[in-house]
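Me: I'm new to this one and would like a close look at a single part. Could you walk me through the turn and what sits around it?

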Amino acid sequence: MSDIAHLDPSERDDHFLRRSFEVARRAMSHGNHPFGAILVDRSGNVLIEVENGYMPDHDGTAHAERLLATQACTTLSLEILGAATLYSSAEPCAMCAGAMYWAGIGRLVYALSEHRLRDITGNHPENPTLNLPCREVFASGQRSTEVVGPRLEDEAAALHDGVWTK
């Protein structure tokens, strides 16, 4: 936490987004798609880090944000979750936004937009991207979820270089 104490809120968001990029790179090194998510409490402590989990079972529901939300709501209190921020290397899809909502995570900061991700992946069978922004999913709920993004979109897009042409 001490290395981020001097950062303003925007710089802090960028710091943790870049950490989600590290998790996404780790996912690739484990044979998965380049997506990563981290959960940070209001004091700047990283509570959970999760890589995409598509492989080895080809589980299309094993998105990093969904896996993080499941772990978070089974291990942390609603009070902690409501004040926490999920940082994601890409905008959560409708499934992941729903999981975040149901887990009670109060804030999201994401890098790569769903629209730009779809432009990158095309019609790849392992990532049939939904054209449904997470803000629309959250807006349909009864609880407020703060959303910031896209941020650092070019850096996030670079994580996908060459991945979806295979």
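Reply: Let's start at the hairpin: β1 and β2 form it with five residues between them, and G44 in the turn has a positive phi of about 95 degrees. Keep in mind that this is a predicted model. The two strands, β1 (36–40) and β2 (46–51), pair in the antiparallel sense over five bridges.

Now zoom in on D41, which sits in the loop between β1 and β2. The side chain of D41 reaches the backbone nitrogen of S43 at 2.9 Å. D41 is buried, yet it has no salt bridge. Still, D41 does touch R12, along with L47 and A84, if you leave out residues up to four places away in sequence.

From here, have a look at helix α1, residues 9–29. R18 has its place in this helix. With a relative accessibility of 36%, R18 counts as partly exposed. Setting aside residues up to four places away in sequence, R18 touches L152 and E155. If you'd like a sense of distance, the C-alpha atoms of R18 and R107 are 17 Å apart, while 89 residues separate the two along the chain.

Next come the aromatic rings, where the count comes to three pairs. One of them is F16 with Y87: the ring centres are 5.3 Å apart and the planes sit at 35 degrees, so this pair is tilted. It links distant parts of the chain, with F16 in helix α1 and Y87 in strand β3 (residues 85–90), 71 residues apart. F16 is buried, at a relative accessible area of 2%, and Y87 is buried too, at 1%.

Another of these pairs is F35 with W164, whose ring centres lie 6.4 Å apart with the planes at 45 degrees, so it is tilted as well. This pair also links distant parts of the chain: F35 is in the loop between α1 and β1, and W164 is in the segment after α7 (153–158), 129 residues away. Both F35 and W164 are buried. That loop brings you back to β1, one of the two strands of the hairpin.

Technical notes. Residues are numbered from 1 along each chain as its sequence is written. This is a predicted model: local features need pLDDT of at least 70, side-chain atom pairs count only at pLDDT 80 or more; totals for chains, interfaces and linings use all residues. Side-chain values use heavy atoms; hydrogens and water are left out. Helices (H or I, at least four residues) and strands (E, at least two) are DSSP runs, numbered from the N terminus. Buried means under 20% relative accessible area, exposed over 50%, partly exposed in between (1.4 Å probe, protein chains only). Contact means heavy atoms within 4.5 Å. Lys and Arg count as positive and Asp and Glu as negative; His and the chain ends are not counted. A salt bridge is a side-chain nitrogen of Lys or Arg within 4 Å of a carboxyl oxygen of Asp or Glu. A polar contact is a pair of N or O atoms within 3.5 Å; within protein, one must be able to donate a hydrogen and the other to accept it, and residues adjacent in sequence count only if both atoms are side-chain atoms. Two strands pair if DSSP finds at least two bridges between them. Rings of Phe, Tyr and Trp (its six-membered ring) pair if their centres lie within 6.5 Å; planes under 30 degrees apart count as stacked, over 60 as edge-to-face and the rest as tilted.
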